[in-house]
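Please go through the points in order.

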Amino acid sequence: MHYVYILYSTSIDHYYVGESEDYKVRLNQHNTGFFKTSSTKNAEDWVLKLLLLLGNRAEGRKVEKYIKSMKSRRFLERLIGEFEFREQFKHLVKEKFNIIISFS
């Protein structure tokens, strides 16, 4: 199992998209400044907003890259907050990449 996650920091009003095999460990790393060159280093209040479950790392990286390519805060907020938009996204990813996503 592999995960793509969307984090949010209130203090810097910023979203972050990442991928990991263990999202709980990764969230802790983001909040403790473990990644010195990451954009998450500027905050310590990251919270998980959305978790996508994928079959393996290759799928996770592909979906993460696709989400990041949208370069849109509105896209992230719709993905987080709108069930119907998530379902459309899930269908799109299946059609485009032949990847099945589950949401947690």
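**Notes on the predicted model**

1. Asp13 sits in the loop between β1 (2-9) and β2. Asp13 has a positive phi of about 50 degrees, although it is not a glycine. Its relative accessibility is 41%, and Asp13 therefore counts as partly exposed.

2. Asn98 also deserves a look at its backbone. Its phi is positive too, about 55 degrees, and Asn98 is not a glycine. The residue lies in the loop between α4 and β4 (102-103). Asn98 counts as exposed, because its relative accessibility of 56% is over the 50% cut-off.

3. Now the overall fold. The protein chain has four helices and four strands. Along the sequence they follow the pattern β-β-α-β-α-α-α-β. The radius of gyration is 13 Å, close to the 13 Å that the globule rule gives for 104 residues, so the chain is as compact as a globular protein of that length. The C-alpha trace spans about 35 × 25 × 20 Å along its principal axes. Of the 104 residues, 39% are buried.

4. Next, the largest pocket. How much space lies in it? The figure is about 200 Å³. The pocket is lined by 14 residues, and the closest to its centre are His14, Tyr15, Tyr16, Val17 and Leu76. By class, the lining has seven nonpolar, three polar and four charged residues.

5. Which elements supply at least two residues each of that lining? They are β2 (14-20), α2 (57-69) and α3 (73-81). β2 gives the most, with four residues.

6. Arg73 is partly exposed, with a relative accessible area of 37%. Arg73 and His14 are 59 residues apart along the chain, yet their C-alpha atoms are separated by 8.7 Å.

7. On to the aromatic rings. The count comes to eight aromatic pairs. One of them is Tyr66 with Phe89, which is stacked: 6.1 Å centre to centre, with 25 degrees between the planes. Tyr66 lies in helix α2 and Phe89 in helix α4 (residues 83-97), so this pair ties together parts that are 23 residues apart in sequence. Are these two residues buried or exposed? Tyr66 is buried, with a relative accessible area of 13%. Phe89 is buried as well, at 3%.

8. Phe75 and Phe85 form an edge-to-face pair. Their ring centres are 5.4 Å apart, with 75 degrees between the planes. This pair links distant parts of the chain: Phe75 is in helix α3 and Phe85 in helix α4, ten residues apart. Both residues are buried.

9. Please view these rings together. Which residues do the ring pairs link into a cluster? They are Tyr66, Phe75, Phe85, Phe89 and Phe97.

10. Arg86 lies over the face of Phe103, at 5.8 Å from the ring centre.

Methods. Residues numbered from 1 in each chain as written. Predicted model: local features only at pLDDT ≥ 70, side-chain atom pairs only at ≥ 80, totals over all residues. Heavy atoms only, no water. 1 Å grid on protein atoms, 1.4 Å probe; cavity = no way out; pocket = protein on both sides within 12 Å on 5 of 7 lines; lining within 4 Å. Points joined across faces, edges and corners; volume = space filled by probe spheres on them. Nonpolar A, V, L, I, M, F, W, Y, C, P; charged D, E, K, R; others polar. Phe/Tyr/Trp six-rings, centres within 6.5 Å; stacked < 30°, edge-to-face > 60°. Buried < 20%, exposed > 50% of the residue type's maximum accessible area, 1.4 Å probe, protein only. Lys NZ or Arg CZ within 6 Å of the ring centre and 35° of its normal. Rg over C-alpha atoms; globule rule 2.2 N^0.38 Å.
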